[in-house]
Amino acid sequence: MSLRLRMLGLENTSELFLLIEKNREYLERWFEWTHDIKSEQECLNFIEQCNQKYQSSKAFDLGIWLDDDLIGMIGFYEINWTHRHAEISYWITQEQQGKGYVRQCVQAMMTYAFKEYNLNRIEILCALDNLRSRSVAEKLGFTFEGVKREDFQFMGRFFDEACYSFLARDFHVTGEEPYAQLARQICTP
């Protein structure tokens, strides 16, 4: 099985929309943006926005492919160039969870962040009860900084977020690890 990260093009609209539809119930539990993508046109608009944010160096969103199948997304959410930090955000289809794919992709994005973008800090913010996402951060050695109380509002309620960080000075990669190879293969337009 071959794992790849690459930017979504407009030709991926139907594939992404079908993936969101198939996983809508699960995704709606964690991501507010799913309420904004109810049609292929809205999905196309989302992809265009992702690419515009990349062109203006504000964000970097990638599709996660397993062989030829799109299985999720990962990216840097709101890159802060002044303070050299970004948040990594990700999701993967339910049927592919628990297989280590997200962990490999986060490691690749960390490599890209620290080696290509020269960022100093990466964060993972997730709902306090999102145990799968928290597990990814913990397995990768992110530091748990605490709970951001009622940090985001979703569906009329406020939720607490777990805040994890990883600093460039603590990141060591030899270039031989699979995730380093995955980072080198990141395809951009």
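Modeller: First, a definition. Buried means under 20% relative accessible area, exposed over 50%, and partly exposed in between (1.4 Å probe, protein chains only). This is a predicted model: local features need pLDDT of at least 70, side-chain atom pairs count only at pLDDT 80 or more, and totals for chains, interfaces and linings use all residues. Residues are numbered from 1 along each chain as its sequence is written, and side-chain values use heavy atoms, with hydrogens and water left out.

Colleague: How many salt bridges are there?

Modeller: Side chains of opposite charge can pair when their charged atoms come close. A salt bridge here is a side-chain nitrogen of Lys or Arg within 4 Å of a carboxyl oxygen of Asp or Glu. By this rule, the count is eight.

Colleague: Is R24 buried or exposed?

Modeller: R24 forms a salt bridge with E21, with the closest N and O atoms 2.6 Å apart. E21 has 37% relative accessibility, so E21 counts as partly exposed. R24 has a relative accessible area of 10%, so R24 is buried.

Colleague: Which strand holds E145?

Modeller: R121 and E145 meet in a salt bridge (2.8 Å, N to O). Strands are DSSP runs (E, at least two residues), numbered from the N terminus. R121 lies in strand β5 (residues 121–127), so the pair ties together parts 24 residues apart in sequence. E145 lies in strand β6 (residues 143–154).

How values were computed
Helices (H or I, at least four residues) and strands (E, at least two) are DSSP runs, numbered from the N terminus.
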